[in-house]
Every structure is written in structure tokens, then in C-alpha cells.
Amino acid sequence: MEMVVSILAAAVRSGTPILFATLGEIIIEKSGILNLGLEGIMLIGALTGFSVSLVSGNPWLGIMAAFILGALITLIHGFISITLRGNQVVSGLAMTIFGTGVSSLMGKAFIGKTIPGLLKTPFPVLNRIPFVGPIFFNHDLLVYFSFFLVIFLSWFLISTRIGLNLRAVGDSPRAADAMGLNINRIRYLAVAIGGGIVAIGGAYLSVAYNKMWTESMTAGRGWIAVALVIFAIWNPTRAALGAYLFGGVEAFQLRLQATGTSIPTPLLLMLPYLLTVCVLIFISIGKGKGILFGAPASLGQPYFREESE
Amino acid sequence: MNKWVWLLILVVFFAMGSVALAFDPIPAEDLKIGFVFVGPVGDGGWSYMHDQGRQAIEKAFPGVTTMYAESVPEGPDCARVMEQFVRNGAQLVFATSFGYMDQVIEVAKKYPDVVFMHCSGYKMADNVGLYFGRMYQARYLSGLVAGSMTKSNIIGFPAAHPIPEVIRMINAFTLGARKANPDARVKVVWLYSWFDPGKEKEATKALIDAGADMIGMHADSGSTPQTAEESGVYVIGYNNDMSSYAPTKCLTSSVWDWSTIYVDIIKKVIEGNWKPIDDWWGMDTGIVKLTSFSQDVPEEVKTLVQEEQEKIINGTWDVFWGPIKDQNGNEKIAEGQKMSDQDILSFSWFVEGVEGEIPVSQ
Amino acid sequence: MSISVRVDKRTYSSWFLSVFLPIISVLLALIGGSIFLAFLKVSPLQAYRGMFQTAFGDWYGISETIVKAIPLTLSGIAVTLAFKATVWNIGAAGQIFLGALATTAAVRYFYVDNHWMMFFIMFLLAGIAGGSWAAIAGYLKARWNVNETITTLMLNYIAIHLVDYFIYGPWKDPDSLGFPMTAPFPEAARIPLLVGTRIHYGLFIAIFFAIFFWFIFRYTRWGYEIQVIGESPKAAQYAGIYYLRYIVLIMFISGAIAGIAGMCEVSGLQGRLQHGFTAEFGFTAIIVAWLARLNPISVMLVSFLIGALQVGGESLQIVMRLPIASTLVLQGLILFFVLGGEFFRNYRIRFIRGDER
């Protein structure tokens, strides 16, 4: 039982950076923009978060700086995708390459340093609930913020005017335009805010989780987030489940080794990916044949006001 | 862009390339050395320590020029990197990872006048020599500390890949731990990565959850000691001094110092005395050592380490001299027998006291 | 009097722009790169000269560029095929791994001491392995509309671990002192090389496929149908019967070619399957395919240029002492500029007076 609790707690802990990235990408994709540059943006967020925390002595300053820089960087992709109507797949890939390179270059001065970072702050009262308490409420503040973000986004996308506008822009830009919405402005905002949140995911890694900076420290989490957005069918709550599933399987595999198993490790390492595919198949069969439910219909396509259908 | 555009661009580049060639200067006659690193020099671990060695060369021999390439993947790419070094005038090339082996031999054949030194490999040639350090000796000593100070008798060991080098380290560490404390057990978790701070953290936590109150490590980031410090558990560092990551919990670290062997090799090449040999230097040369102990280490443990270290440096005893039993209790090395270097280099079984699996070949 | 900007899609593409703009884009990218290099305290002219020289200046450089270009071309074609049908195969990397795995299996279990026989066997097995791996994702997409972006991406990771399982375990070379690598392939199982270089006969396979598929898409009915599926998948889906077969078939062929790329790398270049074998060009292939506008012949040329960028970029490290990350930044910058340039190629800006709408 204790083992289960510790695995689930680890799931939450290591799933959080993926969760931030997924949530940020959901916002971006809901507006109709496809962004494959998550790895690069996370790395820039990680470096910014770490360096600013180190220099200023305040981890929250670092996290905010990461948000701002992440937003700015993603706006490049936004500019190419929205105003220049460029190919979003390639722009995203270019962002990954660029972000990886820039963070590695600028980060050289920070290798080997550590910061106190964000400390674990047990959530009063809630963390004493048996079972649930130690799993969810014994982490640092940024993790709690991610919970808040999930709940907030769920509500925002469904129940607020702006949220609905966002979804309209992504699902049917022509109709949204006819309604009088400013497509470009909404998309730019989505890209900026979403990009900032993705960067917070990276900052979490360097400021709260590992409290250090190393090259390529995201280790592919950005790509997992890209997949998780689809896996979650663009729903923030399901995104959380997916992120924790991923973190959990890895924690599970390690604990299995620690307690002794003869299953070859590489096979264990396959588990999170296999599970993702299986769950996805299960969901898709359930939904029956047809268009992928929940995908913003205009995802990846630039918008032209004057274009005739 | 259509294909004619690409063709046009290609033609232009070719033209520019041949023009560029016309202005190329001739390389200088001073000794030029190339280093191939498998990771980033800033990793604070394996490649970082080699780079420190490279810098030591520059200090010791001011006329020499060094070049390096970092994060070169093991495989065909490094052949090109080494060729580029030679084409840029290198007369000595250091390949600092096992996986470069095939390519070192391949490139060395093409350039018989260039000296190639391969670290941790096993293939030599007329112009290819080997070099390595007996880190296992330092590991053994650090194991003594670990065994002495564990109370739960479970020592956790996040390890990168199940290759002989790592297995050897774990074995040496365990032999030391059990010498100091016959009830100690070492639990191994495989990361399948040299460098993944996230995984290292989770592996450390998993081992702590499984009862470990002492952590060893064989990986390249500072995540393991950091996690140990956070969890209030002692840790033994590796590669580099890990106390910056674990200021109160790092008892000691077994570290590399490549400067002495590098300087020695350069001297031989400059003086013309270089021969292809398998240079596996021991602790007596300073290539491997322990960092200073933390204040938590009691005097009697320090004394024990001192004594064992004396024996190794004097040559009166070494880590892999019998008797040694394997995981299942069978005696593999008898009393009075010494394991050959060949066997030590190809370690494929765990000693008694290690809990973990090694994949088997068929 | 107000002036507003209007952006129109070009209905025809001017020949002049088609040629001129890309060149300007690349030049602008090089200038942008210069600023970046200057920022790193390196003379841009020296750096670029070094890059050109390394990649194009002598036969060794050119041959190494070709070596890099071969797997890029093959996987570029693989990706192009899938993209033509609007199937987002980003699993080329995994299919390459499967091809390498199958090649190793061929050497282990179906060895024949004859060069051409062995080549044929490896070719066949690598193609089937890579093809089947991709077809899994294809089938899932066609049958249950399981998103292929995720499945191919996940299959990549599963493939890497599969390779690890074999080289650390059952297929480990007993002579390698326990290191994760298979035994070296015997002579007959190595793809022959062009004398004096590392260029292997995979070059001819790549050129053949490039021309072959260019021909298919340009002149055959089947190629035309694939592009139709690509352009309106919904219409094709309503047609029902053929969609499933086509998608699976296309993914199979796409994966097969990627698998063959894996075979070439492992058998032509390295000579054994070892830990550290990268299939990173499976991702670069996506960029190549796009830059080549899904034209197989252009894929060849673009691959060569990108190969040159990588080979030349190495010289930045070795000669100019720049960290390897700087080549990544340069690549990213070039891509951004080319993307920007595409804008002017595809769209036309008009300045309109007043409130004309």
C-alpha cells in the first residue's frame, strides 16, 4: 500500500512538467495553431527559470521570467504561423531545434550550479487525508498551481465568453470572423499565454524538480506533451490524467526494479508508450468511426479572410 | 521551391567551396591534439573530467594546440570527426568513449603516422594505444565508507547501463561495503541512460522507498546526490566532487584525474617514445582518488580506508583478488587467486551482496 | 485617408519569384547567422568559409556529405510518400530502428555467404520490418481513426527500447566483453562501398527510389489517387472501400523505405548494431520533405544540402572552437528565414487606400 502511494506521489511529481506543457499546448491548439516546438520552449523556460532564480535568489522571479520568455519565443512561431501563414509543422520543428541550440549555448555558464529552488510545502489539512493527501498535497507550490490551472482551464474553456471565443476561432474561424471576432488577436494571445505556460513546465524542471540546469534536461518531455494533447482530446482534466499516467509508469518501473524483478528493463521502459497507444485505441474504438472528437477543426491551417472556399 | 532552384543553389555552393579552398593556409608544425568527447564538456561528469585533463595538457605544454568536439555520438559520426582532426593537422587523437572503438581502428588504418589513444577500449593497432584508470580501486574504498555507515544495511545504486565497466564499479563498491559490513546489500536499478536528471531522481527515490539509507551512483548528473540530500540520505559521489550537490550528505566521491596520464602520453609522443600499449593506470598514479571526507565520517572509518588504500597502492593486495563469490553464493575466484585484467574488463556477473539483474546474451 | 494591408494568396506563382526568393531567403538566413556568429565573437566570414570548405572543398568533404545525405534522402522519400496522402508519419525514426533490427536478424538467422543474396535478404527483411511497424499505425488510423501522429511517435520510443533489449540481451556479442553491441557483420553482409570513401551502395538505392517515386506521382494513376486521398481524405473516406487498403499500403511502403534506410546505415556504415545508433535523421526527414515540397527529386538535393550543413557545421566545432549547439541555432535560423521567404512566394501584399474591403 505504501508502495502504491509513493508511486502515485512520484507520478504527480514527475508528471507535472509534462502537464504544464500539455496545458499550454492545449490553449495554443484550441486556437487552431499547431506548435511542435515544445521541447525547445521548455528548455528555454528551464534555462530562464534557473538563471534568473540563481541571480536574483528568488525562484518565483525565475518562474515569471520563464513565462515571459516562453511567451516571446513562442510568438516567433505565432508570427510565422499566423501572419506569414507559414507551414506550422516545420516552424514548430525549427523552434525545437532553435530552442535546444540557444538554451545549450546560453546555459554553459550555469552548468554545475545549484539553487535552493522551490521547497516542498505540504498543503495544510488536505495533506492529511489518508491516501489522497500524500499523493497530491505533499509537493511544492508549483504543483498546486498546476492543479489550479487544470481546474481553471476546464472552466475557462467551457463556461467563459473568452474561452468560447477561443474555441470558435479554432473550430470555425470563418464563422468566428463573421461574428466579429479578431482571429489574429485571439490566436496571438493564445500562442503567447500557452507558450508561457509551456515554458513554466520547463522552469519547473530546473527550479523545483531538479534544481539545476543541464543541457537537454527535458529529455523528450515536450514530445510526450504533443502526444498527450491528442490523447487528452484537448481536455485539461484528461491531460492531467495522461501526464500522471506517464510519470506513474516510469516511477512504477523503477520501483519494480528496486524491489527485484527479472523483467528486462528495456521492456519495462516501453510500458508508458504502449499504455498510451492502448488507451488511445480503446478511446477511438469507443468513439466509433468519424472525425476525431474534440479536435479544433482548423488545427494547423492558416486563415484567410478573402479566400473563397 | 522547385528542384531547379535547389540545383542552382548546389552549383553555387560548389563554386564557392572550390574558391574557398584556394585561400587555405598550411597548418603549423607544433603538436596538434584532437579530443573526441561523448558528452558535453559541461556535464560535470565524465566528459568534464576529460576536458579538465585536456586543459592540464595546455598548461603543461604551452606550444601545443588542442581541439575538441563534444557530444559526438558513438558510431560512424565519430570517424568523420577524427578525420577532420587529422586533416586539420592533429598528430594525436584521444577518443574518450568505448563506443568509438570500431571507428578508431578504421581511421587509424588510414593514417598510420597519427597516434590514436582509445579510452576504455580493447582493440589496439600499431598506432592505436589504450588508456584507462582503475576506478574500481577508488570505488572499493568508497564502498568501505558506505558499508560502515549504513544502518539499514541497504545501499541503493542507480546505475546507467548494464555494461562491464558499470558492473565492475558496482562489484568493487559492494566488495568494499561488505568488507566493512558483511550484512550490507547493494540494490541496483538500471537507468539505461548516462545522463537523465529526472530519471536519476526517481530512481534514487525508489531505492530510498525500498529501504536504502545510503546511495551510491554511476551516472553523469548531480541529480542523485541532490535527491539524496533532499531526502536526508547519505550519498557517495562519482566522476567529480558531488558535495556541491549534496553539501551535508555527500560522504566522499570517487573521482577521475586524467591530467597525469595525459601529460605522460604527450611527453612520450613529443620525445618519440610512444608505443602502443594498454595503459591501465592504478590508484598509485593519482588517476583515480577519493575526495576529502565529510565531517560525518567517523575516525575509525577513515583509518580503515587509509589502511586498505595503502595495501592497494603498495601492490600487496587488489580489489579483485580472491576469495570472491557471485550473487548465488558460488565461489568464482578462489583464495589466493587474482582475477586477470581481461576478466575484470569483461565483468558480466555480480558479486555476492548485489541485488539486481544483468541481461544475458544467447 | 487610411492605408490598410491586404494579404492575398497568389493564384499563380511567378517563375521569377520561384527562383529568386528562395535564394534571397537563404542569403538572409546566412546574414542572420552572421549576426549570431558575431555575437559569439567569431568572424562570420571565416566560419562560413570553413563550413563551405569542409563540406564542398575537397572530395573527402563531398563524400562525407553524400554519406549523410543517403539516409536523409531515403527517409525523406519515406516521409514524403506518407505526407502526400496526408498521413502524418513522424515515426520514420522507429521504422529505421526496425529496419536495422531486421538487418541484424537477417545476418544472425539467415546468413548466406554471398554478397548479393545477403543484400537481397537484408533488403527484404528490413523493408518488411519497417513497413509492418508503420502499417500498425496505418491500420489503426484507417480502421478506428486512431491519430497517427501519436501512434507513430509512440512507436518510435518503443522501437528504441526494442533495440536496446536485443543488444543488451540476446544478441549481445560474446566477444565484445559484455558491451551492448552485436557481433560485427561478416563481409558478405556488408554493403559494398565506393572505393576510398564511406559511400555505400545505398546511394544507388536512394537515387533509384527518388526517380521511381517522382515518376509514380507524376505519371501514374496510382500516384494520382494517393494525392487525391491526400487532398480530401473525407471524400476518400466516404468512398469507404479503398481507404483502408490505401492508407495501410502507403504507410507500409513509407515504413519499408525508412527501414531500408536503417539497413543501409547499419550494414553499410557501421557494420554492426551498437548502442548509440541514432535514427535522428528520421525527424530531419520531415523538414527535408517539406523543404522539397514533397517532390522526391528535390528531396535528394535538399538532403545533400542539409548533409552539407551538418558536415560543415562540425568544422565550426573543430576549427572554430564553437560549441556544437551553435550549429543547431544556425539550422533553426535558416529554417525560420526560409519559412519567412515562403510567405512572399505564396502570398502577395497589397496596400489599399481607404476602407476598401
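Student: Quick one to start: are B:Phe94 and B:Tyr131 buried or exposed?
Tutor: Both B:Phe94 and B:Tyr131 are buried (under 20% relative accessible area, with exposed over 50% and partly exposed in between, using a 1.4 Å probe and protein chains only). This is a predicted model, where local features need pLDDT of at least 70 and side-chain atom pairs count only at 80 or more, while totals for chains, interfaces and linings use all residues. Residues are numbered from 1 along each chain as written, chains are lettered from A and ligands numbered from 1 in written order, and side-chain values use heavy atoms, leaving out hydrogens and water.

Student: How many aromatic pairs are there over all chains?
Tutor: The whole structure holds 59, a pair being rings of Phe, Tyr or Trp (its six-membered ring) with centres within 6.5 Å, stacked if the planes are under 30 degrees apart, edge-to-face if over 60 and tilted otherwise. Among them, B:Trp46 and B:Trp256 are edge-to-face, because their centres are 5.5 Å apart and their planes at 85°.

Student: What does that pair tie together?
Tutor: Parts 210 residues apart in sequence, because B:Trp46 lies in helix H2 (residues 46-60) and B:Trp256 in strand S10 (residues 250-256) of chain B; helices (H or I, at least four residues) and strands (E, at least two) are DSSP runs numbered from the N terminus. B:Trp256 is buried, with a relative accessible area of 2%.

Student: Back to B:Phe94 and B:Tyr131, why is that pair edge-to-face?
Tutor: Because their ring centres are 5.6 Å apart and the planes at 80°.

Student: New topic: which ring does the charged end of B:Lys201 sit over?
Tutor: That of A:Tyr209, 4.6 Å from its centre, where sitting over means NZ of Lys or CZ of Arg within 6 Å of the ring centre and within 35 degrees of the ring normal.
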